[in-house]
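These notebook entries record what I looked up about a ligand and its surroundings. I begin with the record and then turn to the ligand.

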Amino acid sequence: MASGSGIKRADSVADNMPDAMKPSRYHMKRCFARFVAGGKRLMKRQQIMEEVEQSIEDKVERAQVLEGQLGFILSSTLEAAVVPPSVALAVRPNPGIWEYVKVNAGDLEVEGITAKEYLKYKETVFDENWANDDNALEIDFEAIDFTTPRMALPSSIGNGLNFVTKLMTSRISKDSQSAKSFLEFLLALNHHGENLMINQNLNTVSKLQVALIAAEAFMSAFPKDAPVQKFEQRIKELGFEKGWGDTAERVKETMHTLSELLQAPDPEKMDLFISRLPMIFNVVIFSPHGYFGQSDVLGLPDTGGQVVYILDQVRALEEEMLLRIKQQGLAVKPNILVVTRLIPDAKHTKCNQELEPIVDTKHSYILRVPFKTPKGVILRQWVSRFDVYPYLERFAQDAAAKIMDHMDCKPDLIIGNYSDGNLVASLMASKLGITQGTIAHALEKTKYEDSDVKWKEIDPKYHFSCQFTADLIAMNQTDFVITSTYQEIAGSKTRPGQYESHTVFTMPGLCRVVSGINVFEPKFNIAAPGADQSVYFPYTQKQRRLTAFHPAIEELLYKKEDNNEHLGFLADRKKPIIFSMARLDTVKNITGLTEWYGKNKRLRSLVNLVVVAGFFDPAKSKDREEIAEIKKMHSLIEKYQLKGQFRWIAAQTDRYRNGELYRCVADTKGAFVQPALYEAFGLTVIEAMDCGLPTFATNQGGPAEIIVDGVSGFHIDPNNGDESSNKIADFFEKCKKEPDYWNRISTGGLQRINECYTWKIYAKKLLNMGSMYGVWRHMNKEQKLARTRYIHMMYSLHFRNLAKNVPIPIEEPQEQVAAV
Ligand code: UDP
Ligand code: LCN
C-alpha cells in the first residue's frame, strides 16, 4: 500500500519483495529470525542494517544481497515494528512516499498493509490494549479531502505555488463556473469598502472582455508614463476602478494580461496578473512565545532565529508592499503588525510595552497582548514555549480585538510562526475568513526520537500531546505553508522531513494519525530567508567594518580574567579561532562541539575554540534544558582541561556587534562551526557565510541544503564527533599547506548566499503566495469548509482537553482581570 502522492506505484514493495528475497532466502531467513529473536520491539534503519550485516557474515555474500532490489528495499526501510512472528516494515523508497509491508519471519511471506495496520503493530510494542481498541481516536485528513489535486513527483514538493497557478488556469479555461468564481473574486476586491479593479458594470466575463478591449484602445492615445489620474475617470465609466497601475503603460499591461488570460488561460499570465492584484494591505504576523523584542533579547531561552527572521521579514515585506501599492496606483498605507505576548515581568527588555514601532520601517509595529490564565489572570512571567498552550485561545480572542482596533479593519493576510503562533493564526483566520500562511521554523517532532510513541514519558516536560495536535490543526487549516528548505518538508534520502513526519504517526493512548498531512499537497512552498546584509557583510569590506566595536571584541575574545561575560582564556593568540554561537539548548549541541574539541589533540594544536551560548550560572536560568547544558559545559571544561584554549562567552544580544565578531573571527582565518543534532534552517550559518567565514555545519536539517559540501563550506555529522572534528582539523592543516584554500571556501560561501538567500527574493515570493492562495481559497470554498469543520471538532473536543493538562505557574503576585 503506497501512501504519499496518492498514486499506486506499479513496482510496489509488496509486489517486489518476494522475488527480491528469493535468491537470498537463506540469509533473509536468518536475518528475520534475528529480528524476531529479540521479541517485540521497534527498530530503526541503522539498527536494521547492523543486524542485516551481522546475520550475513561473509562480506562478499553480504555485498551481493545488498546490491540489488533487496538492498534497496532494506536500506529504504526506516523503521520496523517487530511483533513475532511478524515484522512490519515502514519503507520509504523516495522522499514523501511510504509503503508498509508485513513479513512473516517463519516463511518470509510478504503482505502489503495499510498505514493504520502498520501503526497498530507499532502500538502493540508499546501499548497492546490501545492497539486493540477498535474505537481508539483516529485522525484521517485524507478521508475528508479527496478532491484537492495532489502533486505526484517528489521533485515538485515545495513548489506548490507553481502547481496551484497551473490548476487554477486550467480550471478557468475548462469550466465556466470557475471563470465565474474568478470574476466574483475580482468584483469583491476593495479597500475599506471602496471597490478596486472592477465594479458591478462588469459582472459577466463577456462584458469584462469587451470593456478591456475598449479601455486598451482608449489608452493607446496616452504616453507610456502618463499618470493614472489623467484617465482614471474615463476608464471608471467603462467599469474599471483603481488598482490597475500607476501609469498608462502599467494599466495597459495589466489589462492586456487579463484579456489574454480570459482568451486563452496560461499559467505565466495568471502568475503575473495575480501578482499585480491589490489584495494585501494589512498583514498580521503572530509569534506569541518568548521574549519578542528588538534589543536585549537574542540568546535568551526560546528567543533566537525566529525573532531575527520575523523582524527582517517585516522590513522586506513592507518595502515590497510599498512598491506594489505604488505600482498599483493607490495611495494606501500598508500596515504590518507582529503580535506577540506582553510580559509584565520583562526584566531589562521592552516586552512589557504594548506597541513598539519596528526600526527601519514606516508602518510596522510590534503589538503585545498579555497571556491570561483560564481564570482571567494576567501571566506576569516568561514561560517556556512548551508550556504556552493553556493561554492561546484567550490570547487569540484578545489579540483579534486589539488588531481590529489598530487596523480599523480585518487583516488581508495572517501569518503564524511556530506551533503556538500557527494555532492562534488558525483560530483567527478561520473565524474571520482570512487567508492564512504558516511558518514552523522548527517542528519539534523530529528533534526527539520516538517523540510520538513515547509521548507519555516526555509529556510532563514537553507537552507534545498539545504541540503535535496544534501542529496538525495549523498545517491542515492553513492556505499555504512557507518553509525554508526542501529538507523541512520532505527531508533527505535517509531522513524524513519535519512535515513528512506528521503524515503517519501514533501516540498510543491518545490518537492514531493515519493521515495527518500530505507533503504532496500544493500548499507547501520553499521561500528561504536571508541575513540582513547591512549587519552581516564580508570581513574584506574594510571601509564598512564597525571598528568602534573592536576594543570590546578584543576584550571579549582575549581578556585573561574571567567575568560574567566570558570564561576561560586563549593563551596562543596566533592560532585561528573556531567559533560557534547558539542558544544553549540540547539540540544545538554546543556541549557536543566542546567535547569533540576536548578529545581531538590535533584540532587543539591547530586552533582555539570560542563559543557564545547561554549563561554560566545555572541558578540564573529557568529553562530546564539550558540548566542541564550549563552544568555539562562546566564539567567538560574540567574534564578536558580546556582553559588556555577555550573561551566561553555568554549569550550576546547586539547583532551589530555580533556581525563584527564573525568578521573578527574571519580575520584570524578561523571558521564557524554549527554542530546541531538537528537544525531546521540555521540563520547563524548564513550570517557566518555572509561575513566570509568558512562554515562547517550539521548535515542534519537545513544546513545540508544551504552548504554545498567542499564548495561553499562543509557538512559535519553531529552523530560522529571524531569524524567531524577530524574534518575540521584536516581543513586547517590544508590551509597551512595551501594558503589560498581558506579564501576559496570563504568566497564559495559568499557566492552561495548571494545567489540563493536574500530577503528581496523572499518578500516577492511571500506576497505572490498571499495573493495566489487567496484567490485559490475563494475558488475552493466548499472543500475548505469541510476541512474547517473537521478541524474545529478536533480543536474543541481534543485540543482543549489536552491544554487543560498543562500546569499554570502560580508565581504571585498576579494581576486580576475580568474572568473569561
Ligand atoms: N543569536 C544571538 N546571540 C546569541 C545566540 C544567537 O544574537 O547568543 C542570534 C544569531 O545570530 C541568529 C539567531 O540568534 O541570528 C539564531 O538563529 P538560528 O536560526 O541559528 O537558531 P535558532 O535560535 O532560531 O534555533
Ligand atoms: C528556528 C530554528 O530552529 C532555526 O533553524 C531557524 O533558522 C530559525 O528558527 C529561523 O527560521
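I noted that UniProt positions are given in the numbering used here, that feature names are shortened, and that annotations may be inferred rather than shown by experiment. The model is predicted, so local features need pLDDT of at least 70 and side-chain atom pairs pLDDT 80 or more, while totals for chains, interfaces and linings use all residues. Residues are numbered from 1 along each chain as its sequence is written, chains are lettered from A and ligands numbered from 1 in the order written, and side-chain values use heavy atoms, without hydrogens and water.

**Entry 1: the record.** I read in the unreviewed UniProt entry the annotation "domain: Glycosyl transferase family" for residues 571-736. Over residues 571-736 I found 44% helix and 15% strand (DSSP runs, of at least four residues for H or I and at least two for E, numbered from the N terminus).

**Entry 2: the shell.** Which residues are around ligand 2? I listed G305, Q306, Y309, H441, A442, E679, A680, F681, G682 and L683, each with a heavy atom within 4 Å of the ligand. Helix α15 (residues 305-327) gives the largest share, three residues.

**Entry 3: polar contacts.** I looked for pairs of N or O atoms within 3.5 Å. An oxygen atom of ligand 2 lies 2.3 Å from a side-chain N or O atom of E679. A polar side-chain atom of H441 is 2.5 Å from an oxygen atom of ligand 2. For A680, a backbone N or O atom is 3.4 Å from an oxygen atom of the ligand.

Technical notes. A polar contact is a pair of N or O atoms within 3.5 Å; within protein, one must be able to donate a hydrogen and the other to accept it, and residues adjacent in sequence count only if both atoms are side-chain atoms.
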